[in-house]
2 protein chains.
Amino acid sequence: MASNEVKLLSSWISPFVLRAKIALNMKRVDFESIPEDLSAKSDLLLRSNPVHKKVPVLIHGQRIICESLIIVQYVDEVWASGPGILPSDPYDRATARFWAAYIDEKWYPNIRAGLVIEEAEAKKATLEEITQGLALFEDTFTKCSKGKKFFGGDTIGYLDIALGCFLAWLRVIERINNVILLDEAKTPRLFRWAHDFSAEPDVKSDMPETDKLFEYSKGFMLKLKALDKKK
Amino acid sequence: MASNEVKLLSSWISPFVLRAKIALNMKRVDFESIPEDLSAKSDLLLRSNPVHKKVPVLIHGQRIICESLIIVQYVDEVWASGPGILPSDPYDRATARFWAAYIDEKWYPNIRAGLVIEEAEAKKATLEEITQGLALFEDTFTKCSKGKKFFGGDTIGYLDIALGCFLAWLRVIERINNVILLDEAKTPRLFRWAHDFSAEPDVKSDMPETDKLFEYSKGFMLKLKALDKKK
């Protein structure tokens with residue numbers, strides 16, 4: 001492998017892979033996306049990420065980088081010539097990191113649960129947690145964007161990527177449950193942001209289409225449920 | 001409050017607070033440590049960190065920064081004149097971030113459980129998880145330190161702080177359970193590292209003494225157990 005060749009072990013359904021792809025797109029990095037079959041993981045994936053055994057994995061020459069938010073930061077630091085992904089001010093960076101960590105630790109588990117849970121009361125509570133999170137992000141958006149289009153200002157940045165990667169799955173959960181979670185009346189700024197983010201060329205080229213993801217999700221939900229039962 | 005005054009909402013028993021203190025010490029930042037009573041949290045803490053309601057919180061003039069690893073990065077970025085805490089190479093930074101996240105997400109829960117669990121089989125399994133983690137860190141140390149004294153090289157860095165903050169509690173768990181977890185024979189490099197890290201002046205001044213923490217832990221374990229029962 002050439003010393004600077006870039007490969008990404010990926011999966012079109014993974015919001016975490018989407019983060020890495022958007023970052024690479026923003027920096028105009030020429031990379032090869034290597035699709036993984038997540039029900040039969042390749043030796044390359046298991047060897048590259050023996051700790052978590054998950055996509056995305058970025059292979060940059062001899063260097064292997066795992067974990068989506070760490071990959072995004074790495075891409076931002078290595079390809080410094082493109083638009084900045086992390087905010088330039090240390091305090092803004094700390095704020096973006098804080099909310100990105102919140103999304104992964106506190107909010108995302110509800111997105112996953114929203115695909116699996118069947119029992120009516122538990123499902124209602126999960127959907128409620130998702131909307132409460134969105135209300136919090138509306139408030140965060142107002143503070144971070146400072147009147148501009150994105151969390152990151154005039155261009156998409158770290159927090160846009162951290163949250164925006166879940167939009168297609170959010171729409172699938174809305175369709176499965178026949179509810180509106182990202183409500184224009186309740187979270188108007190976030191609603192507008194979701195539209196603008198999805199329309200960005202660096203995002204649009206890799207964000208899964210809702211119809212296709214919805215069709216896929218039917219089989220995927222069964223797999224997730226089986227996985228949870230095995231635990 | 002003066003625009004650049006630095007305050008840290010803290011607790012002497014918290015390994016996460018210790019991370020922030022070490023970073024501030026390394027950068028020679030003059031700061032006021034404000035002790036919090038974690039069983040009766042102050043309005044200042046609840047107002048400053050409404051999402052997690054946890055120490056440490058760094059108050060830098062009008063800026064409020066929460067979450068220990070984010071604080072360490074902020075301190076490194078704002079007080080750039082002192083020794084670098086994050087490695088200077090993007091790949092080394094990604095590696096340090098990967099292991100720091102692993103410590104918090106996968107390894108630390110066993111440290112906490114090691115203080116609470118009473119049932120013999122579950123306790124044995126938890127202590128085993130802790131030692132397996134240490135074996136992994138021995139291997140990581142070999143790769144990261146490149147023959148030098150610390151994960152960060154010649155001076156302590158991000159990963160040293162992320163892991164080293166738990167050393168006093170690790171010793172307390174050893175004493176409570178009458179076992180050796182950080183074994184000189186099995187993990188000689190990490191054993192030596194733990195000694196060197198604890199002896200660093202910027203660490204030593206704030207790391208709790210094992211005897212004092214052990215005495216404190218007797219009451220603290222009862223509180224943790226009560227907390228877990230309430231969940």
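Let us start with a bend: helix H4 of chain B has a kink of about 45 degrees at B:Trp107, shortly before the proline B:Pro109. Keep in mind that you are looking at a predicted model. H4 of chain B runs over residues 90–116, which makes 27 residues. An α-helix has 3.6 residues a turn, so residues three or four places apart point the same way.

Now step back and take in both chains. Two copies of a chain are related by a rotation about an axis and a shift along it. Here, a rotation of 180 degrees superposes chain A on chain B, with 0.0 Å of shift along the axis and an RMSD of 0.0 Å. The two copies are thus related as by a two-fold rotation axis. Which residue of chain A comes closest to that axis? Look for A:Glu105, whose C-alpha lies 4.7 Å from the rotation axis.

Next, see how the chains meet. In this pairing, 17 residues of chain A are in contact with 17 residues of chain B. On the side of chain A that touches chain B, the elements giving two or more residues are strand S4 (63–66), H3 and helix H4 (90–116). H4 of chain A gives the most to this side, with eight residues. Sorted by class, the residues on this side of chain A are 12 nonpolar and five charged, with no polar ones. Do the chains use matching or unlike surfaces, and what tells us? Of the interface residues of chain A, 100% are also interface residues in chain B, so the copies meet through the same surface.

Let us now stay inside chain A. The domain assignment divides chain A into domain 1 (6–78) and domain 2 (90–224). The centres of these two domains of chain A, taken over C-alpha atoms, are separated by 21 Å. Across the boundary, 13 residues of domain 1 are in contact with 16 residues of domain 2 in chain A. Which elements of domain 1 give two or more residues to the side that touches domain 2 in chain A? They are helix H1 (15–26) and H3 of chain A. H1 of chain A gives the most to that side of domain 1, with nine residues. By class, this side of domain 1 of chain A holds 10 nonpolar residues, one polar residue and two charged residues.

Helix H3 of chain A covers residues 68–78, and A:Ser68 is found in it. A:Ser68 and A:Arg19 are 49 residues apart in sequence, yet their C-alpha atoms are 6.3 Å apart in space. Leaving aside residues up to four places away in sequence, A:Ser68 touches A:Phe16, A:Arg19, A:Ala20 and A:Pro56.

Most residues other than glycine have a negative phi, and most peptide bonds are trans. The peptide bond from A:Val55 to A:Pro56, however, is cis, with omega near 0 degrees. A:Pro56 sits in the loop between helix H2 (43–48) and strand S3 (57–60) of chain A. In chain B, the bond from B:Val55 to B:Pro56 is cis as well. The loop between H2 and S3 of chain B also holds B:Lys53, whose phi is positive, near 55 degrees. B:Lys53 is partly exposed, with 14 other C-beta atoms within 10 Å.

Further along chain A, A:Asn178 has a positive phi of about 55 degrees although it is not a glycine. A:Asn178 lies in the loop between helix H7 (167–177) and helix H8 (188–199) of chain A. With 6 other C-beta atoms within 10 Å, A:Asn178 is exposed.

Finish at A:Gly164, in helix H6 (residues 158–164) of chain A. A:Gly164 is buried, with 25 other C-beta atoms within 10 Å. A:Gly164 and A:Ala194 are 30 residues apart in sequence and 7.0 Å apart in space, C-alpha to C-alpha.

Note on methods: Residues are numbered from 1 along each chain as its sequence is written. Chains are lettered from A and ligands numbered from 1 in the order in which they are written. This is a predicted model: local features need pLDDT of at least 70, side-chain atom pairs count only at pLDDT 80 or more; totals for chains, interfaces and linings use all residues. Copies are superposed by least squares on the C-alpha atoms of residues with pLDDT of at least 70 in both. Two residues are in contact if their C-beta atoms, placed from the backbone, lie within 7 Å. Helices (H or I, at least four residues) and strands (E, at least two) are DSSP runs, numbered from the N terminus. The expected span of a helix is 1.5 Å times one less than its number of residues. The bend at a residue is the angle between axes fitted to the seven residues ending there and the seven starting there. Ala, Val, Leu, Ile, Met, Phe, Trp, Tyr, Cys and Pro count as nonpolar, Asp, Glu, Lys and Arg as charged, and the others, Gly among them, as polar. Domain bounds come from an automatic or database domain assignment. A residue is buried if 20 or more other C-beta atoms lie within 10 Å of its own, exposed if 12 or fewer, and partly exposed in between; C-beta atoms are placed from the backbone.
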